[in-house]
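Here's a quick briefing to get you started. Have a look at the sequence and the 3D view, then read on.

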Amino acid sequence: MKHLRQATALMIALLLIGGLLTACVSPLTTGAQAKPSATAGPTSTAGSTTTAGPTSTAPVTQTTVATTFATTGTSAAPLKEATIKVYFPGDRPAGAKLVWDTIATTFKKELNATYDINWIPFGEYVSKLLVLSLSNDKWDLNFDGNWLAYPQMANKGAYLALNDLLPQYAPDLYQFYKSGNALKAATVNGKIICLPWTMEMNGRPYVYWRGDLYKAEENSIKTFEDLNKMLYEMKDKLPADNPAFHYGNESELLNAMATKHELDAMGNFHQFYVDMNDKSCKLIALETTEAFKEAVTLAKKWYDDGIIPKNAMTDKTDWNAAYNLQGKPFSNFSSHEWTHVNMSPLWLENKWIRSRSLFYPDKKYPNRSFLSNVMCINKNAANPERALMFMNKVQTSREMYDLIQYGVLDKTYKLKGEEVISDETLPKDQGYLGWLAPWALWKPQFMRPDGTYPEGFWEEEAKFSKIAINVPSMVEGLFIDSESIKNDIAKRDQIWTEVAKPMLFGLTQNIDAEIADLQTKLKAANLDNVMASIQKQIDAWLAAGK
Amino acid sequence: MTGRNHTGLNRFDLWRNKSLYSMALPGLTLLLVFCYLPMIGIILPFKNLQYDKGILGSEWSKPLFYNFKYLFDSDASIRAIRNTLILNSLFIATGTVFNVTLALLINEIRSPLFRRISQSLTLLPFFVSWIVVSIFVSAFINVDTGTLNHWLKSAGRKPIDFYTEPSYWPGILIFTNIWKSSGFGCIVYLATLTGIDATLYEAAVIDGASKPQQVRYISLPLLVPTIVILCLLAVGRIMNADFGMFYMLTGDSPTLYKTTDVMDTFVFRSLRQTGDIGMSSAAGLLQATTAFILIMATNLIARRIDRDSALF
Amino acid sequence: MYRRSRSVLFQPGQLAVRACVGAFALICLIPFIMLVSGSLSDQRDVLTNGYPIWPRKVNLLAYELLLRNGQRLLTGYKITTFVTIVGTFLSLLVNTMMAYTMARRNLRHRRFLSVFTLITMLFSGGLVPWFILCKNYLGLYDNIAALILPSLANAWNMYIIRNYFQSLPEELYESAKIDGAGDYVIFFRIMLFLAMPVLATIALFTALGFWNDWWLGLMLLEKPELQPLQLTLKSMVSNAQFIAYSPELQKRGVPIPSDAMKMATTVFTIGPIVFLYPFLQRYFIKGILIGSVKG
């Protein structure tokens, strides 16, 4: 009797765990085959890769995929249904299912695809993408950019090379990329590994100020001298909680200073710059430049004279809200884009005026990188060709574009003429507008005016990026492999934040001594070695491009 | 221990006590699966990770400790290690004293209603995220608009810029830590106090022991095993700082790093732009190894104090 | 009886104790009230006058935005409640049984068990192999078990419970054994009952762990209908931080109240403390248990 009880109890204990484990074995087996290898005909090599453990090497080499595709040729045979799995950062909009189901049915004939769209909270997007990639997940498309996972994933084999697939399955997109510099930017070591966005923009500094408080012509504040004249005149006239000038991030000041000195930040690569007039692209460490010293000197002056708030470095004020609700701060750095968007109703109501001035209008400034926002195809993508066909459709079809960006007409958005609006008549539980992150899928040719961007905005933005002072970066598409110098770069980043950041918020006593100290510290972090390694890569890249 | 002369299979402890051991089986299995199997990742810091080759397929880094280099060869990293150890030790010490005191005090409250309500209230800070805490702290102490500096100014004193003055921060951090965690920290002690045989106190009262004497001679000694084990367990996490606390609360102000920069913030800052998995797992391994050595040492000491309350 | 408790209140010792505990409770309460007020406050008022103890100008926008998709929050509550109840029960069972074995002095291998458990607290292989194991080998992906199984066994809890079992008099076990009770009978009939205070404690910790967890959901889930509450809230708030405007809010001329939303999410998650804790608290009533068993 006793033994019987013991045995039963033991069984229960075992079943408890065993049962739970087996409960999820069924999803395991189904999970492995859940994605039907729905590629057309012989192309299924790409789809039928077995679930590979961490040990497996790249399941399908790029060339085999490419050749199998190539032999199939353009598929005249009807497409098998496929599911395109996509990852975006952000939060799933309520209307996502409605919208993407509509996309699936609308384009059934051409794409025959269903869509599995996933959103991951922004803060965790990169880490989830990295582990998904390491687990050989078979998702197809994902959003990325040179400010997200791209620098890590691009050079370490996480994305599929598209050299052969792109021209075949997304010919229009390919033609478009070829006509500009985008293709070069998307290429690392000879492999095309991403689909850059097709926007043309320039993020050079504008000065914005409250025009109703200080009268000056548009574009009349061209230099730091002009800016100071305004700030010092306004300083005592403003209430204490409205700073004369505000920047929440030291890079805004550096950016303005770099503009003055025509330095190119190489897409924010660890405070290294190149001179925009130097064809040989000689690398410059920012701390050794006149621009840096000027920035530090100015920051101290502003700090001492109360132009910028004393707590600017650790400020937790929601300045976005302050701007919209209170018209604060009096002035700051902005960009062509954000000084030309619509004003919020509150601004109009209060008769606040946003005045703007192009800063240093005679200086060159690099255009925004093609890699700012990209879509990439996963190395293990189940349906890479279908994903490309989809991307091609986004490039060519207004209908597809409207669906992706705005959703279903009269269900998730309304049109007032050309303008996208939303109102109370739309179902509240199917919201779709304002989803993140659509940027890599923005197409200037299809963008509609909306609450933020007025009619004709993107044409103007593209035009702005083409005026003489706005030029493509000389190092656009340069991809620096920092594996061999990563310890030193980590040290550089750490020293930079600790020593240079406070200086750029005005927390300095003796500028010359402190800059010298910063230089010594950075030098001790193997600066020469780091610069030599980067310079070597730049030189090789330049030579290859000729 | 009865019966030394076991025969047959009963000679083996495992067989003789099979029903007892079977109770450990579910836990053992789960730990094995979810903690031990993934430990293959301990090789990650020694690899040059390639996404298309996976963990095992990637090449070993050259030199082998390449991913660890940034953790040792700068003043900042040494300072971060030192700060982590010092601050966490302070947290453990102050936290323990405060939690035990709070538990003893709550235990002494006679009114059940007062006890229940006040104890519930101490749990509230646990739910407030660090980002929200940091918003309030900033509103209280920042130099321009902070309430505290308003008071100082109206009292004719000079305002203090807390975010550039590292010397205040160990105190601020210790206080916030106690505020946020003691509600929970004291519960384990309360549970232990609850378990104490009431007859012990009755006997003490008959012997004419005062309240403080009862605490000193009954409650505290009986709390010692719990105190020891909680401290030991805390030592196991001594190299891991609460990132949210150190990053949010200090506003990541570089001028405070001298006293507030810990391993987790240091690693975050060093890898913010590169996000290297190899290097971040190197930091993890270093934290684990240090904690392992420390816990071995403290466990030895604990075994001297009370054999039973040692970890093993 | 009534008179007696009154006189107790006026004992200086009792008064001092209450003053100390009361003061600390107040320090804990005030920021929380500020948080609730902050979540209810008009953004402009907060920007001008700072965070109030009591909302000066009430604005429910933060709640409106979070509740706009009430269905989603409801799903979150359902999933999280299920996970918390099932997870806490299983976790308590697994950890208590393991802890009991670790605490039994007559077992030769109990030290091995302790070390085995300890190691898991110190060393971890990191996120990557754990993720690959869960997703590719255990099938713990996109199902509810993924929210429960990985965090069932917890070394910290095991140690706390073990410690409590060790504090119980050994004679209890031995006399029960002599009476011929099997190990499972002793465990379920006697030991669990004796360990109530610590089990209540660990139940609280575990339940809060499951309740507050978003990490497992983030890593091991994709289906929106399985998202736990905390992940949903986190996702909503992190989205709010990134968009300056939603087209519709812009029409009304208001920015996203991101700080107020952060505070409002706390209000949504305070649930367990309100519902669960008073229920558990009765197990903390002083010194009834051992006496009653022995008596």
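A charge sits over a ring if NZ of Lys or CZ of Arg is within 6 Å of the ring centre and within 35 degrees of the ring normal. This is a predicted model, in which local features need pLDDT of at least 70 and side-chain atom pairs count only at pLDDT 80 or more, while totals for chains, interfaces and linings use all residues. Residues are numbered from 1 along each chain as its sequence is written, chains are lettered from A and ligands numbered from 1 in the order in which they are written, and side-chain values use heavy atoms, with hydrogens and water left out.

**Charges over rings**

- In chain C, the charged end of C:Lys135 sits over the ring of C:Tyr141, 5.2 Å from its centre.
- Over in chain A, A:Lys310 lies over the face of A:Tyr303, at 4.6 Å from the ring centre.

**Aromatic pairs**

- Searching the whole structure turns up 66 aromatic pairs over all chains (rings of Phe, Tyr and Trp, the last by its six-membered ring, pair if their centres lie within 6.5 Å; planes under 30 degrees apart count as stacked, over 60 as edge-to-face and the rest as tilted).
- A:Tyr406 and A:Tyr413 make a tilted pair, 5.6 Å centre to centre with 50° between the planes.
- A:Tyr406 is buried at a relative accessible area of 6%, and A:Tyr413 is buried at 3% (buried means under 20% relative accessible area, exposed over 50%, partly exposed in between, with a 1.4 Å probe and protein chains only).
- The C:Phe112 and C:Phe116 rings are also tilted, with centres 5.7 Å apart and planes at 45°.
- Those two Phe residues, C:Phe112 and C:Phe116, are four residues apart in helix H6 (residues 110-122) of chain C, or about one helical turn.
- C:Phe116 is buried too, with a relative accessible area of 12%.
- Ring pairs also build a cluster in chain A, with A:Trp302 and A:Phe505 among its members.

**Two packed helices**

- Helix H4 (residues 96-106) and helix H18 (residues 398-406), both of chain A, pack at about 165° with their axes 9 Å apart (axes are lines fitted to C-alpha atoms, for helices over the stretch in contact, and angles run from 0 to 180 degrees between N-to-C directions; helices are DSSP runs of H or I, at least four residues, and strands are runs of E, at least two, numbered from the N terminus).
- H4(A) and H18(A) are therefore roughly antiparallel (angles under 35 degrees count as roughly parallel, over 145 as roughly antiparallel, 65 to 115 as roughly perpendicular and the rest as oblique).
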